[in-house]
Amino acid sequence: MKLVTWNVNSLTARLPRVLEFLNDQAPDVACLQETKVTAEAFPSKALAEAGYTAHHHSAGRWAGVAILARDGVELEGGARGLPGEQVPDEARWCEARAGGLRVASVYVTNGRAVGTETFDQKLAFLEAIAARSGELDVILGDFNVCPTDLDVYDPAAFAGATHVTADERSRLRAILARGFVDASPHLHPGEQRFTWWDYRQGHFHRGLGLRIDLALVREELAPRLRECAIVRDYRKGTKPSDHAPLVVELD
């Protein structure tokens, strides 16, 4: 079973690239973040023509998440919103049963600056994921947290900023402690692997990135993990997203 998570940074702007990716990679399940469309404008028809059924949580120009299932992969039991989240109208969480697994697509808020109300909301959101995680098999998405310093191109440059604080990392560890493994370091221990690069100053080509897009898989499924690949080619091209897709394969 092949699953993917990808922050597309506007499904409207990136739809041709998403359709190309689906045709090229043929994932069984694709979780998208930052779709940035209204419910009415979500391109369900175009995705259906490409062979995918969609369950989505859409709120307009900000945020938005979706789960796509390839034809033949049953998608059922869809739910929108995360119990306990403080700003539910931002459309940052949806889940469904896909291919026999309970899957969540998540887009954790950036947090902006340490000590702000938005940062506190981020911590609360991560705590809500931990509380919900017992009902899930796979959590895929943009967590806006670098799990360790290995996941940051220059930890000193981020000192005191969001994404790397002890508070954020401890909340992420609390999710993992509920019985999950982080697929990337599980399969590629000790490797520095990035999923996001700033658009500015050629950061992608200079290798200045962060690993903030994660695939968390229940420990019982870990023996089935066969690959966790970052498809860097989809960070290239005309008007790419600032994130690359992360592809996970299970036996």
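Leaving aside its neighbours within four places in sequence, which residues is Asp 71 in contact with?

Analyst: A word on the model before the answer. This is a predicted model, where local features need pLDDT of at least 70, side-chain atom pairs count only at pLDDT 80 or more, and totals for chains, interfaces and linings use all residues. Residues are numbered from 1 along each chain as its sequence is written, and side-chain values use heavy atoms, with hydrogens and water left out.

Now to your residue: with those neighbours set aside, Asp 71 touches Gly 51, Tyr 52 and Thr 53, contact being heavy atoms within 4.5 Å. Tyr 52 is 19 residues away in sequence, yet its C-alpha sits 5.6 Å from that of Asp 71. Asp 71 itself is in the loop that runs between β4 (65-70) and β5 (75-80); strands here are DSSP runs of E, at least two residues, and helices are runs of H or I, at least four, all numbered from the N terminus. Asp 71 counts as partly exposed because its relative accessibility is 48% (buried is under 20%, exposed over 50%, partly exposed in between, with a 1.4 Å probe and protein chains only).

Next, the sheet. β4 belongs to an open, mixed sheet of 6 strands, ordered β3-β4-β2-β1-β14-β13, where two strands pair if DSSP finds at least two bridges between them. β3 (52-57) and β13 (225-230) are the edge strands with a single partner each, so one side of each has no neighbour in the sheet. From one strand to the next, the twist averages 15°; angles run from 0 to 180 degrees between N-to-C directions, using axes fitted to C-alpha atoms, for helices over the stretch in contact.

Further in, β1 (residues 2-7) and β2 (residues 29-33) pair in the parallel sense over 5 bridges, and Leu 3 stands opposite Val 29 in β2. Helix α1 (residues 11-25) packs on this sheet, where it touches β1, β2, β3, β4 and β14 (246-250). The direction of α1 makes about 160° with that of β1.
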